[in-house]
Amino acid sequence: MLEQGLKQLENELSISLNMTLTIASRFQEHMEQSLSGRVSSLKMFPSYLQAPNGYEAGTFLALDFGGSNARAAVVELRGAGNFLELHKLSRPLSDPESGRDYRAASVTAEELFDFLAGIIQEVLSNSSAHPTLKSSTSGPLPLGFAFSFPYRQQTIGEGFLLYWNKEVETSGVVGKDVGHLLSAALERRGLGSVVSLTAIINDTVTTFLTAAYQDPSLDIASIIGTGHNTCYLEQKAPGFEAPVIINTESGNFSDAPDTPYDQRLDLESDNPGEQRFEKKLSGKYLGELFRRIVLDFSQRGLFSGLNNPPAPARWNQPYSISGKDLALILLEEDSHSRLVPRDECFALKRIAHLLTKRSAQLVAASFIGVVRHLDPHLDHRHTVAIDGSLYKGMPGYAQELTVALSEALESKAGLVTVKMSAGGSLTGAAIAAALAKLDK
Ligand code: BGC
């Protein structure tokens, strides 16, 4: 019975080579529809930034707010692809001890942005003795703000939040310019003349900038972590004379196959109908899909071991299983076979593996869509930089992604290189501030 259930699940979750190619061409269509002003699930936001040349230099402030932590640093760009992140601070958005959670709907925009401005203030006070800052304090320090949510901008220094995702719900931010909210909070802390917010950028764009600062051949960057998204260097963006980095907001792509589990998760989420690609594949949702599948198996009588699960989770509670739990299950050496029957322990692993494999295949398909848009006959080399906890931390994920790309690209697979780009958000935000300054 269990084996039959697993086979059926495998059929539902598996993505054939044909399906990969179909998803890739649908992704390309959605990109092109959006670029030409037609309705599409891809937003294709211009970042108002070109690729760096690696020689941008100076001292900048950087702030990164992406969902679970806020981080800030002083970044020294030294040119020739070299940089230093100094006085780095990271603060969780939620503090279990005090019960404070800046992502909650009960928290106001002012409270969240005062908290973010406070982190910048702390970095500045830690760094005031630093010689690099002393020598460059002729004017306010330019700040690059990496903000990893869907926002619309018409200039590099603004960002109107369209909607929250990744289960952040802070009140009073949707529809507002987060640049204005942050600048007002900096003013309230007396930092108005010390710091000048110069650039707001998405985390895919910061990943792009950091990797491209060292490797000018880079043309695509992606985050595969709590959330998912991809950006690329568009040669012919409407309204732009020079190439510009475009944030596709690929997490909202709507044309990949759904299982009943995906449909239910979407319907019962905070933002039904939105981010449907992300909900099939990113770290925020893989654990939840896993929980729903295992619970369903158990309700159908296929699985009995839920009373002693190998993951520390309450199976009836939504989002109680994280991507990290799945990684642990995949690494499990049958040590829980005492608690869970051996075949069920094996089944948990197989379900976790099917979900992570599908995730990597979907991402690969979207990359092929981007590459085909840039280079329809695949005549040139392309490099994709990837950051994010799922890509870096899920056992076998990077390999599944490479396999999916090679199978689909066949003899041209050697032309697409995928490389890990770790921890580039703060440096990328600083490079964005440098590029925005050059533009003025
Ligand atoms: C957001 C993107 C972001 C991605 C990765 C998604 O949920 O919509 O803007 O780039 O997560 O953090």
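How far is an oxygen atom of the ligand from an N or O atom in the side chain of Asn-165? The answer is 2.9 Å.

This is a predicted model, with pLDDT of at least 70 needed for local features and 80 or more for side-chain atom pairs, while totals for chains, interfaces and linings use all residues. Numbering runs from 1 along each chain as its sequence is written, and side-chain values use heavy atoms, leaving out hydrogens and water.

View 1. The protein covers 99% of the 320 Å² of accessible area that the ligand has on its own (Shrake-Rupley method, 1.4 Å probe).

**View 2. The shell around the ligand.** There are 14 residues around the ligand, and Asn-165, Asn-202, Asp-203, Glu-249 and Glu-278 come nearest (near means a heavy atom within 4 Å). Sorted by class, the shell has three nonpolar, seven polar and four charged residues; Asp, Glu, Lys and Arg count as charged, and Gly is among the polar ones.

View 3. The chain is assigned domain 1 (2-43 + 220-420) and domain 2 (57-201), with bounds from an automatic or database assignment. Each domain gives the ligand shell at least three residues. Between the domains, 13 residues of domain 1 are in contact with nine of domain 2 (heavy atoms within 4.5 Å). Their centres, taken over C-alpha atoms, are 29 Å apart.

Technical notes: Polar contact = N/O pair within 3.5 Å; in protein donor to acceptor, adjacent residues only side chain to side chain.
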